[in-house]
Amino acid sequence: MTLKGNLKFSLKKALMGGDMSKSTYTGPGELLLAPPSIGDITIIKLGGKETWSVGRDAFLACTQGIVTEYKSQGIGKAMFSGEGLFVYKISGTGVLWVTSFGAIIRKDLAANEKFIIDNGHLVAWNCKYVLERVASGGIISNMTAGEGLVCKFTGPGTVFMQTRNAAAFGQWLAANAAAP
């Protein structure tokens, strides 16, 4: 197996923390993939007619024939979805590997079926969503609990989500680091 590295500078990737390097492996041989953190890997097979959105930390690898673009998802979703201003837009024909922090759960949605996911848990999706405020214990309760905004998906389509939230885990580690 041979490895070829490629560096592609992009101002938006530099500002938003996206990967600027790309490795291409050609065989024969066997390539083993591992997630960068404690989590899962799943595959998504693309047939050429669909487009997937993938969170910036969720893209792991793809085969030839897959087109990856780094696109803006709008300022409102950037601030509150937990995925940042830019996400990967994936299309083409081939196999895509995505990774998560924690386990990956797949949810297939029928036409007009609604499904709500807490922000910060998105991995990949191929259906539309809107951010929605949910009422709970009031504004102070929402701010202290980190609650209040969710991603409301509408089918048809599929959503992959992760069981863990990296930002929440970081806060938990910081709060419990000094505990004996």
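A residue counts as buried when its relative accessible area is under 20%, as exposed when over 50%, and as partly exposed in between (1.4 Å probe, protein chains only). This is a predicted model, in which local features need pLDDT of at least 70 and side-chain atom pairs count only at pLDDT 80 or more, while totals for chains, interfaces and linings use all residues. Residues are numbered from 1 along each chain as its sequence is written, and side-chain values use heavy atoms, with hydrogens and water left out.

**Aromatic rings**

- The whole structure contains 7 aromatic pairs (rings of Phe, Tyr and Trp, the last by its six-membered ring, with centres within 6.5 Å; planes under 30 degrees apart are stacked, over 60 edge-to-face, the rest tilted).
- One of them joins Trp125 and Tyr129 edge-to-face, at 5.7 Å centre to centre and 90° between the planes.
- Trp125 and Tyr129 are both buried.
- Trp125 also pairs with Phe153: the centres are 6.3 Å apart and the planes are at 65°, so this pair is edge-to-face.
- Because Trp125 lies in strand E10 (residues 122-125) and Phe153 in strand E12 (residues 149-154), the pair ties together parts 28 residues apart in sequence (strands are DSSP runs of E, at least two residues, numbered from the N terminus).
- Phe153 is buried, as is Trp125.
- Phe101, Phe169 and Trp172 make up one aromatic cluster.

**Salt bridges**

- There are 2 salt bridges in the structure (a side-chain nitrogen of Lys or Arg within 4 Å of a carboxyl oxygen of Asp or Glu).
- Arg106 bridges to Asp108, with the closest N and O atoms 3.0 Å apart.
- Arg106 is exposed at 51% relative accessibility, whereas Asp108 is partly exposed at 44%.
- Glu113 bridges to Lys107, with the closest N and O atoms 3.8 Å apart.
- Glu113 is partly exposed at 28%, and Lys107 is partly exposed at 25%.

How values were computed: Helix = DSSP H or I, 4+ residues; strand = E, 2+ residues; numbered from the N terminus.
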